[in-house]
Amino acid sequence: MRDFRAHVRQHLPALNISAVREAKIVEELAVQLEELYVRLQQDGATEEAAWSEVERQVPSWQELARDLVASTPQGCLPPEAEHRSSRRRLLTFGLLHDTKIGLRVLWKERTFVTVSVLTLAVCVSVNVAIFTLVNSVLFHPLRVPEPDRIVLMASQFPKINPNVSINSSPPDYFDRLRSITALEEQAMYNFTGQTLEIAGVHERVAGMIATPSLFRLLRVSAVQGRLFDDSEGEIGHEAKVLLSYGLWQELYGDETAVGKEIRLSGRSYTVVGVLPRDFAFGRGQPRFWLPMAFTDQQKSDEGRFNNGPFSIGRLRKDATLEQVRQQLKALDGVILESLPALKPMLLNAGFQTTAEPLADIMVRDFKEPLYLLWAGATLVLLIGGVNLCNLSLVRGRVRAKEMATQLALGAGWWRLFRQLLVQGLVLGVGAGIVGFLTGTALLSGLQAIGLSGLSGGITASADIPVVVFSFGVSVLCGLAIGLVSAVPLLGVHFGTVLHDGGRTKTSGRRARVARSGLIIAQIAFAFALLTGAGLLLVSFRNLLAVDPGFKREGLVTAFLSIPRTAYPTDSDVRVFTARMLESLRRIPGVSNAAATSTVPLTGNYSSGPILAEGYVPKAGESVISGIRMVITPGYFETMGIGLRRGRFYGAQDSDSNASVIVIDEKLARRFWPNEDPIGKRMFRPANAREIFVDSNTRWQTVIGVVEETRVRDLQQSDGLAGTYYLPYWMNPFRDIGLVARTEADAAATIRSVRAELAQIDAGIPIFDVRSMDERADLLLVPRKSALSLAVLFGSVALFLSAVGIYGVLGYLVAQRTREIGIRIALGSTAQGILKLIVREGLLLIGVGIACGLLGALALRRLLVTQLYGVGPSDPLVLSLVALLLGVIALIACWFPAHRASRVNPVTALNWE
Amino acid sequence: MQSNSDENSLKKGTAELLVLAQLEQGPRHGYEIALRIESRSGGLVSFNVASLYPILYRLEERGLISGLWVEKAGQRRRRFYKLTAAGRKMLAQQRETWSAFMTAVQRAAGPDYA
């Protein structure tokens, strides 16, 4: 007997319509041809005659195919010629078609689609939010041409100050201009703040002082007027200013700014130009730029190691960072030789000059938390992906029978596979679009509620790379779903599936193993995420509980700057400060007030070397550096810092020649571990030459030892030897930090402080007015942001895992209804069944948690720098996370197990 | 079908009517439809496989007929087509149009007695 189906298949060109439809058409045509063939032979025709009649039935298979396709709604065939010549056209055509079919199938499975798209959208959205941050902050922190060729050079003294320095001194800049030939352009800059009168109000404005070369180096040009020329970097010519686009608009509207005079802190400057609107360089968004000019003293060795400004350079086209480092090393050698007296001390201090890409330095504080959060977001995606894969596996099993039918009817394996892939892709891209929109919304939401501390002032916005990333992630997810859906296809042997009612042994077991593996992985991921979130939470709690060494509550802080124009001498400054403090103390509710060079918990502080009389360093021991604070009497009382020995500063120290000093316990222990420091003498070298004791050494007698305080931040990350406090009257300064203790409401006090100061001098604005509690909160914002995101990720992970476990066990129960029915029929109790299912769940959970624990231990180093007061493998956190995950997972098990125990054996056995 | 395009369009125009008409008495499968058209037209009109099925599918797609796979004991699986309500209406309509058209053609093309 001839095989008519094979005959039709062989001749009929592919129709590119639904595989099922095509298979049915083939069958129907074959049936008719066969019937004709049989009838003709029954009527006496010979086999050959009958066959030739059969062949005559279809004069042109091509034409038939075209007619068939034209009469079938699902498709139209590509033109015949191209059908043969262009495979690519055919492929695109097929894909388009598969997409149509995919959409139709997905429409039929709306629940599956909704659950999948929502899960995936949640996962994609957190990834989009994080990636937007990563992309803006870590990948593009510097928005100037060829940012990766800009390097920052800095003098390091790791033994004096363990913090990585980012500053240099003016003589270094001039040395580097001569010696570092690998750089085509170099510049030095620093941040500044000045008082500017805008519309009759004196306002503090952030700005930058820079050598004229900075703008060439950054390759920026003026939108109005010109940039600084090199002569304006010389003393006497530097009264020029460049305005930011925003400041120009604010001051002059659309009128030209060039040639206008502005007064910064009382001094007059001529505007030479305006920078572009999108120009952004340096933290705090400078609004004006002044030329940096150096005195001869600053340029000389006397200014060496007075590290304040930043020294950057742009690599020559043909040069590498390594060359810069080598040239710096050679220069270090020259500097050391030129200062023979200092050489041993510098060597002991570990002196060297480093060069790093500026972009790396800018993001160093955000790099780790952001990468960790990115990893967390990826875990969320993986966990969500696991759920989707499980769902797809279940769906794949359900559809296995349908697919087997299609295979049996002659649909190509590749064809089915492609359809599954396309369905996955449609899901993925759909979820990607939703996820992209919610992700960007999530990010702006986070920024709106003040959790923007992870961007370091860099605006994060979704741009092309973010779109590409979102699209890539969705396509990957879609492909994964498609591939996993196709797993049951591997096991499909249509005979078995069709005859077996879908209970094939091999593919069933394979899918079950796959599902269990996925669940274990999911629990392990969730464990890792929750551990991270838990550790961050504990660290955060620890930081909140930190005693900073002073009483935070009831402290109001502010800054002001005393202009040189109105108060030219030190004595003017002293008089102003005394008057100001006096009037502050008169404010009702204010119990005390003081001025300080450093307000704690602002993140800013200054430090300098300090030495003690008679202290003999061990061989190779370095000079040490402490936090340097200059304070008025009343500071300790205002702050609530305890006295350990001696006395606080008092009226008797207001003599500008009083050579006294107060130190904290830490510094006292460092120099006099077993002695009373009171009455001992110390000195602070103002420059490198003063480091040696001689007749010019200015001794200061220790009069008091106070409690240690946290100055830079709550976790005391400065790593310095301690803090020393110098009397203000001896070292008056103009940039003043105010602290006031008040029993009244902070806001009301701040209003009174402003009013009092305006009475004394309306031309001196106070700025950055905050309560100390606010400052502590501000310092914690980056951690809070990271923590919130980590907790969000952890919660999503926990929820998705619970759903995953529920889904898998639920499916398991449904699949084993017969078995459970038999068990119950044979006398198993409901409790026994419950136990059986819960045991299955527990096994998965247990293995998952064990894997997670191993993972968490393996990855513990990653988190160390983000933690405070808790170890990365803290047993309490680990066990709590295990407990939480275990309980949630058990609850998720409970429902399917309960359902299983209620199986009615009669229904279960009659089920088929 | 022949390659002559005039004949093509003629056949296409009438083919649907012919197929629908065969289903008036009850469901039939494809081969049966082809056989009936051939025998009832006295062998003048015959459909081969290649011409019949596209028509059947088109009619099915338009909801004028509906197909159903039927497996009878001792026979092979066949697809039976029956008229839907819409098909029945369409058949009546097309018959009317066709006979009106034929009458008109006869009048116009017949010998002129005037």
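This is a predicted model: local features need pLDDT of at least 70, side-chain atom pairs count only at pLDDT 80 or more; totals for chains, interfaces and linings use all residues.
Chain A has 912 residues, and 52% of them count as buried. Its secondary structure consists of 29 helices and 21 strands. Among the contacts in chain A with a separation of 6 or more, 80% are between residues 24 or more positions apart.

The interface comes next. Chain A contributes 22 residues to the contact and chain B contributes 23 residues. Together the two chains bury about 2200 Å², and 55% of this area is on carbon and sulfur atoms. Of the area that chain A buries against chain B, 30% comes from A:Glu28, A:Gln32 and A:Glu35, more than from any other three residues. Eight residue pairs are in polar contact between chain A and chain B, counting pairs with both residues at pLDDT 80 or more. On the side of chain A that touches chain B, three helices each supply at least two residues: α2 (19-42), α3 (47-57) and α4 (61-71). The largest share, 13 residues, comes from α2(A). By type, the residues on this side of chain A are ten nonpolar, three polar and nine charged. Two salt bridges are found across the interface of chain A and chain B. A:Glu28 forms a salt bridge with B:Arg79, with an N to O distance of 4.0 Å.

Within chain B, helix α2 (residues 30-40) has a buried set made up of B:Gly30, B:Tyr31, B:Ile33, B:Ala34 and B:Ile37. These residues lie on the same side of α2(B), because they cover an arc of only 165° around the axis. The spacing of such a set follows from helix geometry: with 3.6 residues a turn in an α-helix, residues three or four places apart point the same way. B:Ser39 and B:Arg40, on the other side of α2(B), are exposed. After α2(B) comes B:Gly42, which has a positive phi, near 65°.

Over all chains, the structure holds 35 salt bridges. One of them joins A:Glu22 to A:Arg9, with the closest N and O atoms 3.9 Å apart. A:Glu22 is in helix α2 of chain A and A:Arg9 is in helix α1 (residues 4-11) of chain A, so the pair links distant parts of the chain, 13 residues apart. The two partners can be set side by side: A:Glu22 is buried, at a relative accessible area of 6%, whereas A:Arg9 is partly exposed, at 31% relative accessibility.

Another salt bridge is formed by the side chains of A:Glu238 and A:Arg267, at 3.7 Å from N to O. A:Glu238 is in the loop between β4 (224-225) and β5 (240-243) of chain A, while A:Arg267 is in strand β7 of chain A, so this pair ties together parts that are 29 residues apart in sequence. A:Glu238 is buried, with a relative accessible area of 15%, and A:Arg267 is partly exposed, with 38%.

A further pair consists of A:Glu665 and A:Arg644, whose closest N and O atoms are 3.1 Å apart. A:Glu665 is partly exposed, with a relative accessibility of 22%, and A:Arg644 is partly exposed, with a relative accessible area of 46%. Elsewhere in chain A, a network of salt bridges links A:Glu146, A:Glu184, A:Arg219 and A:Lys317.

Two loop residues complete the account. A:Ser165 is in the loop between β1 (150-156) and α8 (170-179) of chain A. With a relative accessible area of 18%, A:Ser165 counts as buried, because the limit for buried is under 20%. A polar atom of the side chain of A:Ser165 lies 3.1 Å from the backbone nitrogen of A:Asn167. Apart from its neighbours within four places in sequence, A:Ser165 is in contact with A:Ala154, A:Ser155 and A:Gln156.

A:Asp278 is in the loop between β7 (267-274) and β8 (288-291) of chain A. A:Asp278 has a relative accessible area of 65% and counts as exposed, because that value is over 50%. From A:Asp278 to A:Tyr245 the C-alpha to C-alpha distance is 8.3 Å, with the two residues 33 residues apart in sequence.

Note on methods
Residues are numbered from 1 along each chain as its sequence is written. Chains are lettered from A and ligands numbered from 1 in the order in which they are written. Side-chain values use heavy atoms; hydrogens and water are left out. Helices (H or I, at least four residues) and strands (E, at least two) are DSSP runs, numbered from the N terminus. Buried means under 20% relative accessible area, exposed over 50%, partly exposed in between (1.4 Å probe, protein chains only). The arc is that of the directions from the helix axis to the C-beta atoms. Contact means heavy atoms within 4.5 Å. Buried area is the accessible area (1.4 Å probe) that two parts lose on being put together, summed over both. A polar contact is a pair of N or O atoms within 3.5 Å; within protein, one must be able to donate a hydrogen and the other to accept it, and residues adjacent in sequence count only if both atoms are side-chain atoms. Ala, Val, Leu, Ile, Met, Phe, Trp, Tyr, Cys and Pro count as nonpolar, Asp, Glu, Lys and Arg as charged, and the others, Gly among them, as polar.
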